[in-house]
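Student: I have a new structure open and I'd like to learn how to read it. Could you walk me through a few features?

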Amino acid sequence: MSAFAHLVRISIASIAIAGVCLPAGAQAAAGVGRLSWLAGCWSAEKGEAGSGEQWMQPAAGTMLATARTVKNGKVADYEFMRIHEGAEGRLLFTAIPSGQKEATFTELRSSESEIVFENATHDFPQRVIYRRIGDARVLASIEGMRKGALRVVEFPLVRSKCEA
């Protein structure tokens, strides 16, 4: 066997062993990159034109976004959002809603099609959820306890063309 062939066999074996030794999910995109399905423009399915979210592609461990709700032809609410990698390896969701203080939520759980962030000490919501439904839909939701009752608010979104 030539030295080159021997080197190739060792390299292939090393790659195979490394793949077996990695923790579950580490072979897929790591960090914020695993949420690349969220990047792009999303229009509110039930909202007025101009309502929705726009997420930038993951870069440097961060995704940035803006959201806008239009009612009666006027901006009723807006929000600046950031998903970023925390020091402990979990993702963080930070939101700055119009007229409110900044709040940060920590990744509670995630899969290939869903991520759930939680901040149990926040007034409302305590959880922020993004659930992918195929390539063209996302169900964003917020939930938590309010006045002793569980409240869930859903924001069905559909992929749309990003306007320049």
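Predicted model: local features only at pLDDT ≥ 70, side-chain atom pairs only at ≥ 80, totals over all residues.

Student: What is a disulfide, in general?

Tutor: It's a covalent bond between the sulfur atoms of two cysteines. Here, Cys41 sits in strand E1 (residues 40–44) and Cys162 in the segment after E10, so the pair ties together parts that are 121 residues apart in sequence. The torsion about the S-S bond is about 120°, so this disulfide is right-handed.

Student: Is Cys41 buried or exposed?

Tutor: Cys41 counts as buried, at 6% relative accessibility. Cys162, with a relative accessible area of 37%, is partly exposed.

Student: Now, how do I read the empty space?

Tutor: Rolling a probe the size of a water molecule over the atoms shows where empty space is left. In this model, the largest pocket has a volume of about 1,100 Å³. Its lining has 41 residues, and Thr69, Asp77, Glu79, Ile142 and Phe155 lie nearest the centre.

Student: Which element gives the largest share of that lining?

Tutor: That's E10, with six residues. By class, the lining has 20 nonpolar, eight polar and 13 charged residues.

Student: And what about the largest nonpolar core?

Tutor: It has 24 residues, and Leu38, Trp55, Ile83, Phe93 and Tyr130 have the most contacts inside it. Take Tyr130: beyond its neighbours within four places in sequence, its contacts include Trp37, Leu38, Trp55 and Phe93.

Notes. Residues numbered from 1 in each chain as written. Heavy atoms only, no water. 1 Å grid on protein atoms, 1.4 Å probe; cavity = no way out; pocket = protein on both sides within 12 Å on 5 of 7 lines; lining within 4 Å. Points joined across faces, edges and corners; volume = space filled by probe spheres on them. Helix = DSSP H or I, 4+ residues; strand = E, 2+ residues; numbered from the N terminus. Nonpolar A, V, L, I, M, F, W, Y, C, P; charged D, E, K, R; others polar. Core = buried A, V, L, I, M, F, W, Y, C linked by side-chain atoms within 4.5 Å. Buried < 20%, exposed > 50% of the residue type's maximum accessible area, 1.4 Å probe, protein only. Contact = heavy atoms within 4.5 Å. Disulfide = S-S within 2.5 Å.
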